[in-house]
Each structure stands twice: as structure tokens, then as C-alpha cells.
Amino acid sequence: MIVVGAGHAGLEAAFAGARLGVAVTVVTGSVGTIGQTPCNPSIGGVAKGHLVHEIHALGGFMGKAADACAIHGRKLNLSKGPAVHSTRLQVDKLRYGAFAQAAILDHPGVVVREGLVVAVEVGDDGAVTGVRLADGERVAGQAVVVTTGTFLGGVLHTGSTKTPGGRVGEAPATELSTQLATLGFRLVRLKTGTPPRLDRTTIDWGALEAQGSDDPFPRFCAPDEPDAPPRLPEAHCYITHTNAEVHALIRERLYESPMYSGQIEGVGPRYCPSIEDKVVRFADRERHQIFLEPEGLQPDALIYPNGISTSLPAEVQVEMVRGIAGLEAARIVRPGYAVEYDAVDARALNHALASDAIPGLAFAGQINGTSGYEEAGIQGLLAGANAALRLLGREPLELGRDQAYGGVLVDDLVTVGCDEPYRMFTSRAEYRLLLREDNADERLAGIAHAHGLIPTARWERILRRLERVAACVDGRANEEGEEAWIVAKARARKTYAGYLERQRREVARIRGETGNLPLPADLDYFAIEGLTRESAERLARVQPSSTAQAARIPGMTPAALSCVWAHARILKRQRARQN
Amino acid sequence: MMEPDLEPTPPATIVGVATGRPDGGVAIVRLSGPAARTIAAAMLTGELPEPRVAALRRLVLGERALVLDMPGPRSFTGEDVVELHVHGGERNVGQVVEAALAAGASPAGPGDFTRRAFEHGRLSLDQAEGIAAIIGAQTQGALDQARRLVAGELGRAVEAVHGRLRLLRVEVEANLDFPEDVSAADEARFAETAASLRVELEGWLARFEGGRRARERARVVLAGPPNAGKSSLFNALLGRSRALVSPTAGTTRDFVEAELELERSVALVDTAGLREASEDAIELAGVALGQDQLAGADVVIWLEGADQPALAESERQRWLEGADTATVIPALAKADLDSPRVVAGWLSLSAHTGAGLDDLRRALADAVRPGEQWIGLARHRQCAAEAVEALGEVEAQLREGLGLELVAFSLAVAQTRLGAITGHTGLGPVGEEVLHAIFSSFCIGK
């Protein structure tokens with residue numbers, strides 16, 4: 001099994017394959033950048049923390065790595081119920097990369113080699129036979145998991161300067177992009193961005209409000225895990241704000257931003273707008289919050305100013321940063337930039353994230369149109385495990401929308417696809433009250449064990465843990481005599497006990513009413529009365545196979561959906577009549 | 001690869017007699033579907049007339065027809081519709097329909113045209129229900145309300161509340177998914193909004209009974225002990241001898257019903273005198289029937305004879321137990337007798353002289369006046385009541401400081417229930433419309 005790329009998706013794919021006993025070769029452009037956190041050095045967040053807990057429950061790498069490298073930790077949404085409590089850890093960037101490198105290089109079941117993959121090789125029978133590298137060398141394999149992140153056709157933009165690349169200083173995978181298109185994959189052009197990095201010694205820290213970690217410090221590993229990594233010292237984050245002068249400057253120089261000059265065609269995420277977007281779209285806001293996050297513990301670690309992602313020219317970035325309180329003398333070590341890249345249309349994949357057209361070929365991570373380390377990680381784990389399970393002739397690992405955020409993510413990707421980078425939100429999960437951080441083990445560890453992704457000893461330990469929780473829930477054990485984290489799990493279970501059945505009924509009701517009615521693939525949406533041209537275009541592009549999928553297409557209005565639903569009912573009745 | 005059973009085939013073209021029973025002077029045979037115009041053309045000797053312009057044509061089978069071609073989507077069903085206005089008569093109309101079937105149409109089932117209109121988005125569910133209600137309307141009140149339903153009045157009211165509900169949901173969802181980007185949840189304001197929406201829906205529910213009474217003919221039941229003079233009063237109110245009258249107690253065995261015109265027409269019902277001591281099985285059965293009538297009464301005229309000993313209050317209450325939602329008008333009959341019994345607050349009547357009958361008519365008219373009306377039907381009330389319940393839950397969750405994720409759940413329930421009224425059930429929890437609203441209302445991305 002070959003894994004192309006060694007980012008968050010690639011790592012999880014390789015480890016999952018190796019855990020299942022398949023020989024894995026990882027091909028990476030550069031061993032030095034394995035496990036990079038090229039944007040925000042934090043793992044988790046709302047809904048993303050849920051994903052990391054799921055990765056961890058499935059025996060994955062990311063949760064443990066984040067725990068080992070965390071220097072700042074918060075539990076978000078504590079004012080709400082446990083279903084939306086979300087862990088977010090900021091990691092020491094260098095340590096995280098080193099931790100990942102060591103883990104993969106030292107892994108006995110994984111071979112790592114440097115090289116740029118230019119083609120996926122397909123045999124006469126249409127199945128994958130391996131990959132070809134830029135130097136012409138071939139690596140043979142019966143399964144290939146492609147996790148190239150933003151490298152497919154990547155172009156970096158800072159002002160009018162365009163540089164081909166997947167990240168700063170790294171060459172893009174342009175040939176592979178072209179080859180995937182010739183294999184029949186539809187590519188979509190997406191965009192994301194990152195802020196400038198600052199020299200910590202040039203910031204006036206005394207003028208800024210500090211933000212510490214939560215106590216107790218949140219972790220992804222459970223307290224009963226014997227191999228939970230030790231903790232690093234903590235670092236603080238600081239908060240500052242933009243102001244009216246900075247906004248005026250941005251508006252004045254907007255014409256130089258490739259986003260606004262038309263130089264960038266890719267669609268960026270609405271939930272992670274550049275500072276240019278924020279100033280334009282929310283013109284009445286007097287200021288925007290910026291979190292100054294250290295990228296590490298070492299004295300020369302850079303500062304990540306979270307909230308001012310930008311692709312303005314470098315000299316405008318300098319002026320902008322110096323207009324911000326506390327940053328009057330700040331030095332930009334590396335300017336922010338936007339990156340445009342190709343993603344494959346994941347609707348060509350099945351729920352195992354594999355191609356039906358080319359047996360053995362699978363995709364995971366940003367290449368499927370997602371954004372975020374966590375979204376990449378869970379896909380890598382599922383794609384890698386499934387590639388291996390297929391080689392072993394075993395049943396695939398597919399998670400339902402009522403089992404995991406990972407199930408929601410994969411289902412959304414392969415059925416709806418995305419026309420902007422896809423990030424997980426709790427509101428995407430109709431079973432939100434069921435899919436919690438606190439019960440990821442309960443939901444997934446049994447599945448992981450059944451598929452061979454976690455060893456029996458670990459499964460038995462989790463069973464003992466769940467028994468303690470159950471004893472608290474049904475009153476066999478006294479809460480006072482139990483550890484706080486067990487009690488918290490028991491309480492969460494009790495909180496939602498009355499709601500879970502109702503939630504299931506409600507979802508069934510909605511499904512029944514807006515229907516899981518099938519829609520034919522070649523349905524002429526332009527001929528459906530009452531559909532706006534815009535809606536018809538979206539539908540024609542996505543070609544949903546059911547009305548439930550149509551409901552999840554970005555930008556679909558209730559009016560358009562009721563038209564589609566009505567049409568699907570007509571088709572259903574015709575079929576009934578024909579039978 | 002396409003599954004063959006998903007192949008989109010054009011829907012069948014249906015034919016039906018839109019005017020119901022074909023024994024009137026004119027019957028309208030309606031064709032609807034993609035082949036409507038082809039089928040109509042095959043039935044005519046000449047060309048189809050210009051769209052939306054009626055023209056006389058000769059049918060192949062000999063009959064003449066006024067033909068109206070209404071191409072979709074601007075037609076009742078949203079499909080191509082052709083109407084043939086032909087002479088009535090079962091045989092004649094039957095032959096026209098047969099000709100359409102022979103030309104390739106399928107027979108329309110009951111409600112098929114309206115169903116197609118709903119499926120093509122020409123009508124919302126409440127409007128389609130309004131059409132059925134127009135057809136079934138037995139009273140002027142029912143007809144007025146059904147017309148308002150068809151005009152979309154209820155649907156618009158639902159959409160207005162639904163829109164406000166959606167705004168609240170958007171704020172809650174933004175708070176759940178972007179706690180660091182949006183200002184802290186204002187639970188008090190959320191609860192206020194939920195309460196105001198609940199109060200609005202409760203107003204609908206409170207007026208449902210008024211609406212129902214305006215739709216239905218009120219039932220006024222005459223009840224009381226035997227020989228009180230109920231049948232005499234019944235006849236006097238109607239102005240004709242409808243019920244059999246005799247001096248023998250227990251004359252009325254069955255109940256007798258007649259239409260009485262007040263401000264609105266009501267159903268006036270005479271019942272057997274109520275007593276338990278009878279040995280007569282038929283009379284006892286009549287008493288039981290009378291009690292059934294009391295249970296369905298909107299108004300009860302409780303009548304005792306002024307010449308009879310007063311019934312114990314507890315006994316009267318017991319007889320009226322089944323009529324707990326009815327307005328009770330107590331009255332004493334035979335006021336023309338010498339030294340009649342008089343009770344404060346009771347009407348004194350004489351069927352013989354007509355004394356007090358105008359007072360009774362006024363009291364009845366007041367009692368059956370429907371009051372404020374909501375045009376929603378029983379199904380709509382059920383949906384609205386469930387939405388009220390869900391909103392009440394939202395308020396309780398906010399008041400008790402339960403998690404916003406539970407608030408979001410109950411809001412979604414309220415949205416679904418409300419949307420069910422119009423048949424636009426919406427998207428459920430995974431709503432792009434909610435996400436879209438979040439991103440356009442809040443600056444997300446710290």
C-alpha cells in the first residue's frame with residue numbers, strides 16, 4: 001500500500017494501514033516537512049475536537065501527538081452542554097513535526113521515501129499498480145492513497161506575486177493534477193490563506209491582554225491510558241484588535257489584493273475569511289479580534305496572528321500590522337499569502353473514500369475539498385484503513401452519520417461534494433446530541449477493535465472504563481467515589497438520555513418528509529418548473545442521487561428543495577404505477 | 001451507471017370530469033399532463049385553439065366542445081392542461097372521457113388534479129386542503145374560510161413566523177459553532193423571542209375554536225325532564241309542527257333535528273325527556289340518545305316546566321356532565337300557566353303565547369356567534385400545537401440554563417412542525433440555509 005503525502009491525512013493513512021498489518025510505503029516530497037502544521041498551530045476546536053477524539057478512539061495518531069506537543073489548551077463551549085464541548089490544543093510546531101517524523105520513520109511497518117509523485121499507475125485491468133516518481137522510478141503497490149493537501153496545482157499569491165507551490169518553499173504537484181484529470185477525475189479550484197508570521201521579540205506584550213490555558217488542561221488521551229505522553233510547559237496567547245485606520249488602509253489597497261483583482265479564481269471558505277473579506281463584508285464593524293498565538297516554546301518561535309489571514313502585497317502587510325495595538329514595531333518574518341489548489345470532486349468516491357472506477361485508488365484530506373488538519377486526519381485514517389481492509393479481503397470500515405462526525409464528513413463529501421473548502425461544524429450533524437467528545441470511545445472503540453485498528457488490551461481497558469461510567473449512570477456506583485472524568489461522562493449520558501430517542505425520531509421524520517426519494521442522475525433540472533436557474537445549475541452540477549442529498553447542497557433554498565422534492569414524488573409515483 | 005428504474009419517464013396524462021356529476025347542462029372534461037395537447041388534438045376535428053382563448057370545436061365523436069388550452073406551467077396543475085366544455089349527461093360525458101382514454105390518457109383518481117398542483121409547487125399543502133374544503137363546504141362560514149386558505153392567507157402567516165424562528169435558530173447555531181466569533185448568547189433575549197412566537201401561535205390556537213364554529217353549523221340541543229314542554233318549544237321556535245306533542249310524559253323517544261335560522265343557521269335538536277325511573281326500554285334508549293346529543297352540543301337549552309317541581313341542582317349537573325363544553329341556557333316553559341315557578345337568571349317562556357321566545361332567540365344568537373376565528377383546520381392546529389410545545393421547551397431550556405444545543409434541537413422541532421402546515425418541511429438540522437445565514441450575518445473566522 002502506497003501513501004502519497006505525509007501530512008495529517010497521509011500519516012493517519014499510513015499508520016492505519018500498518019496497524020492492520022499491510023506493508024506501507026509513504027512517498028513524501030520532503031522528509032523534513034512530515035506532519036507540518038502550516039497554518040494555525042492548533043489541533044481541535046468546535047466539531048474539530050470531536051473529530052480528533054474520534055481519530056483517537058479509532059486508534060489514530062493525531063490526538064496523542066497533539067497531547068505530546070500541546071503548549072496551550074482550552075475547552076470551548078463550556079457554557080453549553082457536553083455535546084458541544086470541544087477541545088482545542090495549540091501545539092509547538094517544531095515539536096509536532098519532529099514527533100510525527102520520529103513516529104513514522106521509526107515505525108517498523110512503514111517505509112518512507114522522498115520523491116515527487118507525478119502519476120498514479122493503472123494496469124490493463126483498470127486497477128492501480130503503483131505510482132511513478134518525477135525521476136521516472138516506479139513504486140509498485142496494489143493500493144494508493146493520495147493525500148497531497150494543497151499541492152495539486154498549487155499557486156501561492158502575495159499581492160500580484162504568483163509562485164507555484166503547495167506551501168512556502170515547496171514545489172507543487174502539477175503533473176499529478178493533470179494526470180488525475182486524464183484518469184477522469186473532475187477537479188475543482190479552491191483557495192485558502194494564512195496570515196503573516198511575526199517576530200515575537202518585536203511585539204509589545206505588556207500592552208496586550210493575555211489568555212491562559214484552561215484548568216484542568218484538556219487532553220485527547222484519557223487519564224487511564226498508560227501510554228499518554230507527558231505534558232510540555234504552557235505558553236500564553238494574547239489578544240489585540242484591528243482598528244478603523246487599519247480598515248481604511250485595507251480598503252484603500254484592496255485593488256492590490258489578488259482576491260479582489262480577479263487574479264484568484266478559487267473559492268475560499270466563508271468561515272475563514274481573509275482580513276480583506278472581513279473589512280469589505282462587515283463594513284460596520286469597528287474592529288476585529290486577533291489572537292497572537294506562539295508557534296512554539298523556543299525563544300525564536302514565530303507568532304501566528306490568528307484573524308488577519310491576507311494576500312495583500314508584503315509592504316501593505318507591514319503597514320497593516322504596524323497599525324495594530326501592540327504590533328507598532330512588529331517585524332514580519334514571513335508575509336501572509338493565499339494558496340490556490342486543485343481538489344478532486346469527491347463525489348467520484350465511495351463511502352470508503354475509494355474510487356469505484358479505479359480499484360485500489362483512494363483519496364483523503366484537502367485533496368477531497370476539505371480544510372483543516374482534523375478533517376484531513378479522519379479521512380486519512382478511514383481511507384488508509386479501507387485500502388488495507390480491501391487488500392486483506394475484509395469488510396470496509398464505513399461510519400454512519402449517527403455514529404461519528406467522521407461519518408457525517410465522508411457522507412457529505414462523497415454525496416454532495418463541496419464548492420468551498422469543507423470544514424466540520426456541529427450543525428452539520430443531525431445527531432449532534434449523540435456525537436460527543438465524551439463518548440467517542442463508546443461510539444467507536446468497539447468498531448475499531450472489530451476491524452483490528454486497536455489491540456485487544458486497549459479495547460478491554462476501554463470496556464472497564466465504560467463499565468465504570470455505566471455504574472455511575474445506573475446508580476450502582478457512587479459519584480463521590482469516582483474520578484471526575486468518569487463522572488462527567490456519566491452525567492453527559494444522563495443529560496441526553498431523554499433526547500436521543502426523540503432526536504432519532506425527528507431525523508426519521510425529516511427524512512421521511514423531505515424524503516430519501518431517489519433522483520435520477522440525468523434529471524433535467526432546467527425543466528423543473530419553479531426552480532431558479534441558479535438552483536438548477538447547482539443541482540445539475542452536483543447531480544444528487546436523492547432529495548436528502550439535494551438538501552445538503554450548499555446554497556439550496558427551501559423553495560428550490562420543495563420543487564425538487566415534489567418532482568421526486570412525481571417520479572416515485574410513476575415508478576409505482578409502472579410496477 | 002444509471003439504474004433503469006430511475007429513468008425519468010414523462011408523467012402520465014390524466015383525464016377526469018372536473019365538474020363532478022355529469023348530469024348538469026355542461027360538463028368540463030379536463031386533461032392534464034405532457035400529452036394533454038396531443039390527446040386533445042387527436043379528439044378534435046380541427047386545430048387546438050390559441051392558448052388561453054376559448055373556441056368552439058367539433059369532436060371526432062360528433063359532440064361539440066368549447067376548448068380551452070392552458071399550457072403549463074401557468075395552469076392549475078402546473079402541467080399542460082386542456083379543458084373540453086361539453087354538454088352534460090352521463091352517456092355523453094362518458095363517451096368524451098372514453099375518447100380521451102383511447103387517445104392515451106389515464107383516468108384521474110379523486111383529488112389527482114390538486115395533488116399534481118401541489119407536487120408542481122403551484123399550491124402549498126394548506127392551499128390544497130383549502131380546495132378540498134371549498135368543495136366540502138356546507139356552510140357560508142366554511143366556504144369563506146376555505147377561500148382564504150386557497151388564497152394563501154395561512155401559508156403567509158406561517159412563513160412569517162417561520163422566518164423569525166429561522167433567525168433565532170441562526171443566532172443559536174452561530175453561538176454553538178463559533179463561540180469565539182460571535183458575542184455571547186443572550187439567553188434572555190432568545191427566550192423573549194421564543195415566547196413571542198409561542199404567544200403568536202397560541203393566539204392561532206385560541207381562535208381555532210371560533211374558526212371551527214364559524215365553519216360548522218352549531219348544534220342547539222333542547223334537554224330537560226320529561227313533559228317540560230321541549231317539543232312544544234321546538235315547534236314554536238321553528239314556527240311549525242315538526243315534533244309530536246302530547247301531554248303524556250315521555251312522548252319524544254328519538255331525537256328530532258331541524259334547521260333554525262338565527263343570525264346564522266343552527267341545528268336545533270329536540271330530545272327525549274331525561275329520567276332514570278322509566279320501566280320503558282324504548283324510553284330509556286331515547287334518554288341515552290338524548291345524552292349523546294348533549295355530548296355533541298354547542299348550546300344546551302335546559303328546559304323545565306314552570307308547573308313542575310324544581311329538579312335538584314345536583315341532578316341537573318349530572319345530566320349535563322356530558323355537555324361540559326356547551327353554553328347552557330336554562331329556561332322555564334309554560335310561563336302562561338297560573339302562578340308559574342320563576343327562577344332568577346332563567347328565561348321564562350311560553351310556547352303557547354310566544355312570550356320570552358325573542359329573548360331566547362337573542363340568547364341563542366349570542367351563544368353561537370363564533371367570535372375570533374383562525375382559518376386553520378384540525379391538522380394545522382395539531383402542527384401549531386406541537387410547535388407551541390417545542391417553543392415552550394425552548395423557553396424552559398433557556399430559563400433553566402440547559403445547553404444551547406438542546407435549545408437548537410427544540411427549535412428545529414418547532415421549525416419542522418410549523419413547516420409541515422404548508423408542506424415545506426424544510427431541511428432539518430443540516431441546513432445550508434442556516435449556515436449561509438450565519439456567514440452573512442456574523443463575521444466568522446477569529
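In this predicted model, A:A6 touches A:L11, A:V26, A:T28, A:I34, A:G35 and A:I104, once residues up to four places away in sequence are set aside. A:A6 itself is found in the loop that runs between β1 (2-4) and α1 (8-19) of chain A. Its C-beta has 28 C-beta neighbours inside 10 Å, and the cut-off for burial is 20 or more, so A:A6 counts as buried.

Leaving out neighbours within four places in sequence, the contacts of A:A9 are with A:T147, A:A364, A:G365, A:A376, A:G377, A:Q379 and A:G380. Both A:A6 and A:A9 turn up in the UniProt record, where an unreviewed entry puts a "binding site" feature at A:G5, A:A6, A:G7, A:H8, A:A9 and A:G10.

The buried residues here are A:K93, A:Y96, A:F99, A:A100 and A:I104. They take up an arc of only 130 degrees around the axis, which means that they sit on the same side of α4(A). As for what they pack against, the partners in chain A are α1, β2 (24-28), α3 (62-69), β5 (86-91) and β6 (110-114).

Stepping back to the whole of chain A, the count comes to 17 helices and 21 strands. The radius of gyration of chain A is 24 Å, close to the 25 Å that the globule rule gives for 579 residues, so the chain is as compact as a globular protein of that length. Along its principal axes, the C-alpha trace of chain A spans about 75 × 65 × 55 Å. Of the 579 residues in chain A, 54% count as buried. Among contacts in chain A with a separation of 6 or more, 73% come from residues 24 or more positions apart.

Chain B, for its part, is split into domain 1 (4-119), domain 2 (153-209 + 376-441) and domain 3 (219-368). Between domain 1 of chain B and domain 3 of chain B, the C-alpha centres lie 54 Å apart.

Technical notes. Residues are numbered from 1 along each chain as its sequence is written. Chains are lettered from A and ligands numbered from 1 in the order in which they are written. This is a predicted model: local features need pLDDT of at least 70, side-chain atom pairs count only at pLDDT 80 or more; totals for chains, interfaces and linings use all residues. UniProt positions are given in the numbering used here, feature names are shortened, and annotations may be inferred rather than shown by experiment. Helices (H or I, at least four residues) and strands (E, at least two) are DSSP runs, numbered from the N terminus. A residue is buried if 20 or more other C-beta atoms lie within 10 Å of its own, exposed if 12 or fewer, and partly exposed in between; C-beta atoms are placed from the backbone. Two residues are in contact if their C-beta atoms, placed from the backbone, lie within 7 Å. Domain bounds come from an automatic or database domain assignment. The arc is that of the directions from the helix axis to the C-beta atoms. The radius of gyration is taken over C-alpha atoms; the globule rule is 2.2 Å times the number of residues to the power 0.38.
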